[in-house]
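Keep the viewer open and click along.

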Amino acid sequence: MILIISDDQGFPDYGFMGNEEVQTPNLDRMAGESLLYTRGYVMPVCSPSLACLLTGKLPHEHRITGNDLSDNRSSRGQRGELAEQLLSSPTLLPKMLTDAGYLTLQTGKLWNVTYADAGFTHGMTDTAGRHGDAGLGIGRQGMEPIFEFIDAAQKQKAPFFVWYAPFMPHVPHTPPKEILDAYRGRGPTPAAEKYYAMVEWFDQTCGQLDQYLEEHGLKENTVVLYLADNGWDGKHGQSKARAKLSPYELGIRTPMFVRWPGKVAPARDDATLAHIIDFVPTILDATGVARSESLAGLNLTDREAMQARQTVFVESYTHDIADLDAPEKSLIAQVVIDGQWKLIAPGPVNPDRPFSSVPSATALFNLAADPLEENDVASEHPEIVEKLLSLQKAEWNP
């Protein structure tokens with residue numbers, strides 16, 4: 001099993017999502033071979049999203065609401081409180097898979113803890129740091145650690161799980177010259193061209209991974225899952241404040257897919273709501289590992305349950321955590337997506353980064369007619385606002 005997590009990638013920035021400026025032939029092919037949900041939702045910044053993937057919980061439950069502690073206790077080498085909070089979760093995906101007999105590999109992003117702390121048997125991040133330290137070399141410096149790990153697992157005839165979370169297309173946008181040259185003059189800005197080239201570079205690494213599986217006869221027996229950890233504004237980067245670290249669609253929406261040959265029929269679903277907390281139950285069910293009934297996420301491959309879902313929730317916080325025991329002290333917005341309706345309710349605190357943005361008052365959008373939230377219709381539909389606020393109040397229980 002392989003979990004692919006791209007880093008800071010906007011939901012429109014794939015060929016299969018209709019983007020004609022960026023080239024993603026490998027992800028396009030993989031998505032076409034998968035059960036694809038184009039309306040997936042994640043948290044708007046890295047560390048909380050990755051904690052959701054490790055625990056199957058929302059940030060107000062796992063309490064990793066931001067990337068750093070606000071009083072600078074979280075400087076490099078001093079992230080003990082964040083690590084303790086994460087590791088206190090009763091559900092920790094890699095540990096559960098390891099305990100079930102899987103060989104488990106961590107590469108790329110892993111906040112606050114080492115691979116061994118999180119329960120992986122193998123990994124690249126062996127010093128607890130801010131992003132993942134040595135793990136961040138994966139992808140940008142090649143894919144050999146993953147190939148060597150799978151080779152070893154095959155020799156041991158052991159099932160394997162790979163966490164592939166490269167620092168891509170995340171800044172610094174430093175794509176190879178040959179990729180960047182193909183985008184020069186094609187994007188709205190030189191910065192956008194570098195970002196598009198990074199997206200293609202990331203796509204190439206996914207192609208290398210898929211080619212390895214095929215050449216070694218593993219493609220038909222390997223489950224591959226994909227999502228981005230949070231969004232990005234491909235055209236404007238952080239010069240406009242409605243993408244990363246914001247509760248708007250460019251900050252929290254991502255396509256998600258599961259490829260499981262012979263088990264899950266390929267299909268594209270542009271209506272059903274998928275969510276980052278669905279990945280833990282999906283992976284545990286696929287591997288036969290028992291999971292707690294307290295996990296609220298759904299199995300992405302359970303089409304009946306997924307299509308019956310009407311509502312998902314997203315939480316948007318300040319970059320820095322004010323109080324691990326009181327998530328509301330960092331809360332800048334709560335989001336409810338109910339069918340095609342989306343409500344953004346401002347929280348009690350203001351954003352602490354200039355490129356984050358929330359509406360000044362509770363806002364309502366019809367995503368079917370207005371996918372990038374240009375027209376707030378809250379005043380026209382007070383009954384829907386009241387309904388969605390009621391749903392959010394029931395969900396929120398810090």
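Thr91 counts as buried because its relative accessibility is 5%, where buried means under 20% relative accessible area, exposed over 50% and partly exposed in between (1.4 Å probe, protein chains only). You'll find Thr91 in the loop between helix 4 and helix 5 (93-99). Helices (H or I, at least four residues) and strands (E, at least two) are DSSP runs, numbered from the N terminus. Setting aside neighbours within four places in sequence, Thr91 is in contact with Leu54, Thr55, Met96, Val280 and Leu295; contact means heavy atoms within 4.5 Å.

Before going on, a word on what you're looking at: this is a predicted model, where local features need pLDDT of at least 70, side-chain atom pairs count only at pLDDT 80 or more, and totals for chains, interfaces and linings use all residues. Residues are numbered from 1 along each chain as its sequence is written, and side-chain values use heavy atoms, with hydrogens and water left out.

Helix 4 covers residues 80-87, and its buried residues are Leu82, Ala83, Gln85 and Leu86. Looking down the axis of helix 4, these buried residues fall within an arc of 165°, so they line one face of the helix; the arc is that of the directions from the helix axis to the C-beta atoms. What sits over them? The cover for the buried residues of helix 4 includes helix 2 (46-55), helix 3 (59-62), strand 3 (68-69) and strand 11 (320-321).

Val280, one of the residues that Thr91 touches, is also among the buried residues of helix 11. Helix 11 (residues 279-287) is mostly covered, with 7 of its 9 residues buried. Those are Phe279, Val280, Pro281, Thr282, Ile283, Leu284 and Thr287. Just after helix 11 comes Gly288, with a positive phi of about 80°.

Met306 is found in helix 12 (residues 303-308) and is buried, with a relative accessible area of 0%. Leaving out residues up to four places away in sequence, Met306 touches Tyr37, Thr272, Leu273, Ala274, Asp278, Leu298, Asn299 and Leu300. Met306 and Thr55 are 251 residues apart in sequence, and their C-alpha atoms are 20 Å apart in space.

Gln392 is in helix 13 (residues 382-395), and it is buried too, at a relative accessible area of 5%. Not counting residues up to four places away in sequence, Gln392 touches Phe313, Gln334, Val335 and Val336. From Gln392 to Thr205, 187 residues apart along the chain, the C-alpha distance is 39 Å.

Which residues have a positive phi without being glycine? Asp8 is one, with phi near 65°, and Asn112 is another, at about 75°.

One joins Met168 and Pro169, with omega about 0°, and another joins Val171 and Pro172, with omega about 5°. Pro169 lies in the loop between strand 6 (160-165) and helix 8 (177-181), and Pro172 is found in the loop between strand 6 and helix 8 as well.

**Zooming out**

How many helices and strands are there in the protein? There are 13 helices and 14 strands. The C-alpha trace spans about 60 × 50 × 45 Å along its principal axes. For 398 residues, a compact globule would have a radius of gyration near 21 Å, and the protein agrees with that at 20 Å; the radius is taken over C-alpha atoms, and the globule rule is 2.2 Å times the number of residues to the power 0.38.

Of the 398 residues, 60% count as buried. Among contacts with a separation of 6 or more, 68% come from residues 24 or more positions apart. The protein exposes about 15,200 Å², with carbon and sulfur atoms supplying 49% of it; accessible areas come from the Shrake-Rupley method with a 1.4 Å probe, and for residues only the protein chains shown count as cover.
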